[in-house]
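Student: I would like to go through this structure with you and ask, for each label, what value stands behind it.

Tutor: Gladly; let us look at the structure and then take the labels one by one.

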Amino acid sequence: MATAATLVPTSPSDGFQKRKRSRSPEDPEQPPSSRRRSLSPPPTRLVDVPKVVDVDPARRAERERQLAARLAEKELEKLEKGKDGKKEPEFDAQAEFAKLTSTRSGGVYMPPARLRAMQEAAAKDKSSPEYQRISWDALRKSITGIVNRVNVANIKHVVPELFQENLIRGRGLFARSVMKAQAASLPFTPVFAALVAIINTKLPQVGELVLTRLISQFRRAFKRNDKIVCHSTTTFIAHLVNQAVAHEIIALQILVLLLERPTDDSIEIAVGFMREVGAFLAENSPKANATVYERFRAVLNEGTISHRVQYMIEVLMQVRKDKYKDNPIIPEGLDLVEEDEQITHQIQLEEELQVQEGLNIFKFDPNFLENEERYKQIKAEILGEDESDEDESGSEESEDEEEDEEAVEEKQGIEDRTQTNLINLRRVIYLTIMNALNYEEAVHKLLKVQIKEGQEIELCKMIIECCSQERSYSTFYGLIGERFCRLNRVWFDCFEQAFREYYETIHRYETNRLRNIARFFGHLLATDAISWNVLDCIKLTEDDTTSSSRIFIKILFTEVTESMGLKTVAERFKDPEVRASCRGMFPMDNPKDTRFSINYFTSIGLGVITEEMREHLKNAPRIIMEQRRAMLEAESSSSDTDSDDSDSDSDTDSDSDSDTESSSGSDASDDSRRSRRRRRSPSPRRRRDRSDSRTPPRRDRRDSPSPPPKYRERSRERERDRYSSRKASPPPRRRDSPRRRDYSPDRRDRDRDYGRDRRARSPPLSPSPPPRSRADRRSRSRSYSPRRGKDSRRDDSRDRDYARRGDDRRRRSVSRDRYGRR
């Protein structure tokens, strides 16, 4: 209970005391109160076994056990080898490469990276067979590539590249490559023969080997009746004879062999061979050539061969008559060897030949490096190079190349303005077109040419230029242009642009080129390859065309009419869109241009399309008169305001003149008032007539004296009847001629007709006496002047001088009005 009592809490603040465990006295012999279990060390394994994944636990355990056993065996083997001191042999690249190349099938597949590593390792020793094998393969590939890309244009550039290779070592490879390439492409036989002829001048053993193999191949093919091989071989031999590589005796022996026992195949091969070598034999061996043709004629007469082969012999006879114009001895561009430099080989057809087939196969050369150095010297002599210069400049060239590369990297933005790239592009396009057999092949190859953006027009221009260079037009080029226009909109726009440019500069071309260009574009228009809207650049007038442009238009529409037909062309020109584009070809604004266009189209046979212009030309006078009438009415309406303004000025001038002219006042002032009122009274507008022309009427030379003033008081009717013929009052003023405002006494007779017309056409006006002349003034002054004698004479002279001044003033006013207001 005491123990229990001790557990009761006694603290007044807490109310109870928490129970605590009592610690037993520590005894070193007893174990510690808190004991931890120590970790056991991991099992020591010789090999780390990878974990095996399996669903079945028993099978997984078994697989892990077997895997551990195999790994343990390998570890034990390594430990045993380490104790013995033996090392694993390293990878021998040369041995592996030798093993790879020595197998007949070329060895097993090897990754490219490992193969390059093996080649690099084998190339360290240049005298080793491995390095020689590598160089042999490179030589074979290089020679084959150069031979396959030779043609007429680049043969001068290919020959130096070919001499860079060791042709003495690889002469067997060269002979095999040339023979294979010639058999594959017979049209290029003259090119390959020229290549062999060039090499034969410097390395005769190469040319002899090629000729020997060709003769041997012909003999085998003839025995086997292989017509194809015989034909290709004899063609090559014929061109070697033409190039003077082989003597003509071999050609004659081949012909004798083929014609000895004639069959269809042998005669066919002989005819083909004779067409190639006949020109050379006719020039160098005329007797032998005549003998061969006699044999052909005998075979033809015997009739033992088929009709097809007989026809071939007849064609050969015709070729001989034409002097082999289609089969020249050496084609143009391939006469590259001088006759004195050529080496001719006399090899008989039946003699023993050394073909040397072993030259096609790689063989180890113990003197490889010496032979290479020797060929370098030969190459330097052939190409005109100096070996010492090459050795000295080797390091300098390498340094220059590095500097050039750095300069190119620094100057990437340099623009070539020499047009070298453009010239090369045109050369490629030209060669592609010339080497194509048909237009489809040409288009296919031209599409593969790398053309920069913006240079598409150059392709179109080159096609047109090639077409213009032909002797006569060939539809080959028209079909090329048509195909390009239908392929892409870019080519369509380029050919339309080319049409406009060539029409603007057509006067620069000669007649034959102009004709070909016109027919080319005529083909494109007839096939709708380009739009007819391109005709908007043509203005068919006498001033806007030249003789060249008129010829161009004539040939263009002749080609279109031949392709489409006249009826279709006429319907096409009635199309509203085409008519809008061809407005310049059918001018209707000027009758002269319209008549010129009608005559031009009628002369070229297209008068049917000028019907609308003919109708327009018939109605042209009426339309022109209506236009002129409307123009004159517009001018008269615009001049009304000017004439009204000028009336007031003329009135004031006439008032001043009448006041100064009168010597005494009342009668003269009355007359001037009457005349002023008559002038200001409006006159009715007259109908325009021929008399209303702007030129004044002819002046009457007779003097029309005015009546004396005493008769003015008579009746107006008698005054009008008496002086109607002599009346000098001005006619009614026209509104469209403001120049006739003032009338001086000098113009009275000129205006008499106007007065008559006015009385006949207008209602009567208020009469006024006509202007007075000098005599009337004198008579009036005499009648009214009370003085006589000297005073009267003085007054007369004063009046005469005053009248003269007034007349001068009026003339100046009339001339001012006449010439100042035009």
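Student: Where is the place of Lys323, in a helix or in a loop?

Tutor: This is a predicted model, and in it Lys323 sits in the loop between helix H14 (307–321) and helix H15 (368–383). Tyr324 is found in that loop between H14 and H15 too.

Student: Why is Lys323 called exposed, and why does Tyr324 count as buried?

Tutor: Exposed means over 50% relative accessible area and buried means under 20%. Lys323 has a relative accessible area of 70%, so the label exposed applies, whereas Tyr324 has 6% relative accessibility and therefore counts as buried.

Student: What is the phi of Lys323, and what is the phi of Tyr324?

Tutor: Lys323 has a positive phi of about 60 degrees although it is not a glycine, and the phi of Tyr324, likewise a residue other than glycine, is positive and near 55 degrees. As background, most residues other than glycine have a negative phi.

Student: What makes Asp265 and Lys227 a salt bridge?

Tutor: The label requires a side-chain nitrogen of Lys or Arg within 4 Å of a carboxyl oxygen of Asp or Glu. The closest N and O atoms of Asp265 and Lys227 are 3.9 Å apart, and a salt bridge is assigned to them. The pair links distant parts of the chain, with Asp265 in helix H12 (residues 264–284) and Lys227 in helix H10 (residues 227–242), 38 residues apart. Asp265, at 38% relative accessibility, counts as partly exposed, and Lys227 falls into that class at 31%.

Student: What does the salt bridge of Arg308 with Glu268 tie together?

Tutor: Arg308 forms a salt bridge with Glu268, their closest N and O atoms being 3.3 Å apart. Arg308 lies in helix H14 and Glu268 in helix H12, so the pair ties together parts that are 40 residues apart in sequence. Arg308 is partly exposed, with a relative accessible area of 45%, while Glu268 has 17% and, because the cut-off for buried is under 20%, Glu268 counts as buried.

Student: How far apart are the closest N and O atoms of Glu612 and Arg579?

Tutor: They are 2.7 Å apart, and Glu612 forms a salt bridge with Arg579. This pair also links distant parts of the chain, since Glu612 is in helix H27 (residues 611–618) and Arg579 in helix H25 (residues 576–581), 33 residues apart. Glu612 counts as partly exposed at 40% relative accessibility, and so does Arg579 at 41%. Elsewhere, salt bridges that share partners join Lys227, Asp265, Glu268 and Arg308 into one network. The structure holds 22 salt bridges.

Student: What makes the span of helix H21 close to the expected one?

Tutor: Helix H21 (residues 489–504) has 16 residues and reaches 23 Å from its first C-alpha to its last, against the 22 Å expected at 1.5 Å a residue. Buried residues in H21 include Trp491, Phe492, Phe495 and Tyr503. What covers the buried residues of H21 includes helix H19 (456–468), helix H20 (475–487), helix H22 (511–526) and helix H23 (547–564).

Student: How many helices and strands does the chain have?

Tutor: The secondary structure comes to 33 helices and zero strands, and buried residues make up 38% of the 822 residues in the chain.

Terms used. Residues are numbered from 1 along each chain as its sequence is written. This is a predicted model: local features need pLDDT of at least 70, side-chain atom pairs count only at pLDDT 80 or more; totals for chains, interfaces and linings use all residues. Side-chain values use heavy atoms; hydrogens and water are left out. Helices (H or I, at least four residues) and strands (E, at least two) are DSSP runs, numbered from the N terminus. The expected span of a helix is 1.5 Å times one less than its number of residues. Buried means under 20% relative accessible area, exposed over 50%, partly exposed in between (1.4 Å probe, protein chains only). Contact means heavy atoms within 4.5 Å.
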